[in-house]
Amino acid sequence: MKLFSRSLALPLAAILLAATPALAASEADFKTAYAAADAANKEAGTLRDQWTTTASALKDAKKAADAGDFDKAVAEAKEAEALAKASVFQAKAEKEAWKAEVIR
Amino acid sequence: MNMTDTRFSTPRRLILQGIGAVALVGLGNIPFVSAAFAAANDKYPEDAFKAKTEADAIKALYGKPAEASDKVKLDAPEIAENGAVVPISVTTTLTDVTSISFLVADNPSALAASYVIPAGTMPSVANRIKMAKTSKVTAIIEAGGKLYSATKEVKVTVGGCGG
Amino acid sequence: MASTIRVRASATGDTTEVQALIQHPMDSGYVKDAKGDLIPAHFIQQVTFECNGKSVFVADWGTAVSKDPYVKFSFKGGNKGDDLKISWVDNKGASDTTTAKIA
Amino acid sequence: MRTAIQIVSAALALATLVLTGPAAKAANSVDPAADAKAFQKYFTTKFPKLKLSDFVNGPYSLNEDMHRQWVEKEEFPPYEFALDAGKEMFSKPFKNGKTYADCFADKGIGIRQNYPYFDEKEGKVITLELALNRCREANGEAPISYVKDDMAALTAYMAFTSRGKPFDIRIPSDPRALAAFENGKEYFYTRRGQLNFSCASCHVQNPGERIRAEILAPALGILNAMPIYRSEWGGMGTISRRFISCNSQTRGVPLDPQSDEYRDLEYYLSYVSNGLPISGPGARP
């Protein structure tokens, strides 16, 4: 049923992306990763389709960074970026896809 | 049955109406109330409500065991629309009823509500209770000094798709 | 302040049906608030119903009675126009009373 | 990392193609009347046993066990206190002596079924909740929250005075009104949030189905009982509060109450339910 096939694609994609850092991440790595995630999430905002999970990943990233755990902070920021990018993709895809579901 | 009842003010003659008006024969005799246990007089049964399990609550409240009886008609939903508001009611054809209680086995404390039924008051009560999770719900009726009960399982879970 | 007790008492023949809805949070003490702290238990413990000075119903409630609690019962011996006195007390000692006429 | 994102877009692109292929009929000519007819026909065919007015009871018309629990609640409904509070607030004068009645046609009594309406001067949809706050501001009072009890109490009282009156939403032949209607329709059918659901996923494709404890309400007549006392919230909820909570259910970040999309969504949902009676305030799980 189309309801399930599509909704599984996105969460699965997000889980796939838990990157494992090779060497210890620095604060600079965190800043770039966080900036990328934040930018993608802002774009999702302009498309009026941000996800609550992106917001919480960003929050976790900042919390980890504040605690000095930059490995975790970068990983969380990367996940936030992936989620934000997926939400942007969803918003763009839906610009046309919604018409197919309208009751005729 | 009128599905959309929009007359707000006038009292409703709906299917539940019948529960309230169960006529009870033979109320003439004045029951001897042995004030042995808290349920008989009006003091708030503190420890019964503090009891965790159903058995302890019944012991604290009545001090005697209850036996299942088909004369106790317990009305409870199969799946509660929401654990916060579960409409439960009980009625009975038993006579000389002095107390009615509702217990939810798996709630943090089993005794939910207990009602003193003076002479002249019908042995039927409707109320809305809270249930933590799927659990057996028991109604107990004290009639002529003996305890009768009926039990039903009510499924309870949260709603919505998770958020 | 309007009473916290809403009552509908109607007599048909010699049987009076009583419905009461009481405005009260009925906090069980098991629920956490948004910040994660436990909301302290605050619930009505006893509601008494008297008609012409005689007790017709007493409700003892625990922590499992719904918010804005509702109860319905019937009794014999009440007539149209009689007074029905209802009062509740909660575990913090707060209380409220109202008197309704049987319709 | 890059490749992972490409996998996501490839999978989605494929899914979108499959979907839009068959129904590629251009839907660009906006015809609200035809939309409403098709909308109501979809639901009356899906639930032939229901009368049109039954749809205003949402889940309670689709499940007997739920219906009995609703009947019990309606004996002495939990929204009783909000209704009385709303009636009192509605007639309490502002500091300047005026009351809400002075802001509305027919003193605000029995007019809920005309909301939301399209304001041709401003070129946008005005909902009852927005009109109430505007009335406050016009009389020197601070606006109140769209999701809290006071707004729910006021709209509960106004809805109650319209009980039984059929929804009567008008779309003037102003292109901006048609655009607002279309914008609401788009929002209704657009999938959002990480769970990738649209309003239609639940309320068009799966009404009557269970979603854990709840039964999904049909989209037809879904706003007729607003505002609602939800057992889930242990309190009243306005339309704004309901839209917000639906968004977060699908892990979508909600918009601000009364933002364009929400007002247009309410415009669309109310228009396609024209003819169904107002039954607010309502009780829901």
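Which residue of chain D forms a salt bridge with B:Arg128? In this predicted model, the partner is D:Glu72, with the closest N and O atoms 3.1 Å apart. That pair belongs to the interface of chain D and chain B, where the count is 3 salt bridges. The other topic here is cysteines, with 1 disulfide over all chains.

**Where chain D meets chain B**

- On the chain D side 39 residues are in contact, and they touch 29 residues of chain B.
- The two chains bury about 3,200 Å² between them, and 56% of that sits on carbon and sulfur atoms.
- As for polar contacts, 14 residue pairs span the interface.
- Helix 3 (64-75), helix 4 (80-91), strand 3 (210-211) and helix 9 (239-249) of chain D each bring at least two residues to the side that touches chain B.
- Helix 3 gives the most, with 11 residues.
- By type, that side of chain D splits into 16 charged, 15 nonpolar and 8 polar residues.

**Cysteines**

- D:Cys103 and D:Cys135 are joined by a disulfide, S to S 1.9 Å.
- The torsion about their S-S bond is about 65°, so the disulfide is right-handed.
- D:Cys103 lies in the loop between helix 4 and strand 1 of chain D and D:Cys135 in helix 5, so the bond ties together parts 32 residues apart in sequence.
- D:Cys103 is partly exposed at 33% relative accessibility, while D:Cys135 is buried at 2%.
- D:Cys199 is in no disulfide, its nearest cysteine sulfur being that of D:Cys246, 6.9 Å away.
- D:Cys199 is partly exposed, at 22% relative accessible area.

Methods: Residues are numbered from 1 along each chain as its sequence is written. Chains are lettered from A and ligands numbered from 1 in the order in which they are written. This is a predicted model: local features need pLDDT of at least 70, side-chain atom pairs count only at pLDDT 80 or more; totals for chains, interfaces and linings use all residues. Side-chain values use heavy atoms; hydrogens and water are left out. Contact means heavy atoms within 4.5 Å. Buried area is the accessible area (1.4 Å probe) that two parts lose on being put together, summed over both. A salt bridge is a side-chain nitrogen of Lys or Arg within 4 Å of a carboxyl oxygen of Asp or Glu. A polar contact is a pair of N or O atoms within 3.5 Å; within protein, one must be able to donate a hydrogen and the other to accept it, and residues adjacent in sequence count only if both atoms are side-chain atoms. Helices (H or I, at least four residues) and strands (E, at least two) are DSSP runs, numbered from the N terminus. Ala, Val, Leu, Ile, Met, Phe, Trp, Tyr, Cys and Pro count as nonpolar, Asp, Glu, Lys and Arg as charged, and the others, Gly among them, as polar. A disulfide is a pair of cysteine sulfur atoms within 2.5 Å. Buried means under 20% relative accessible area, exposed over 50%, partly exposed in between (1.4 Å probe, protein chains only).
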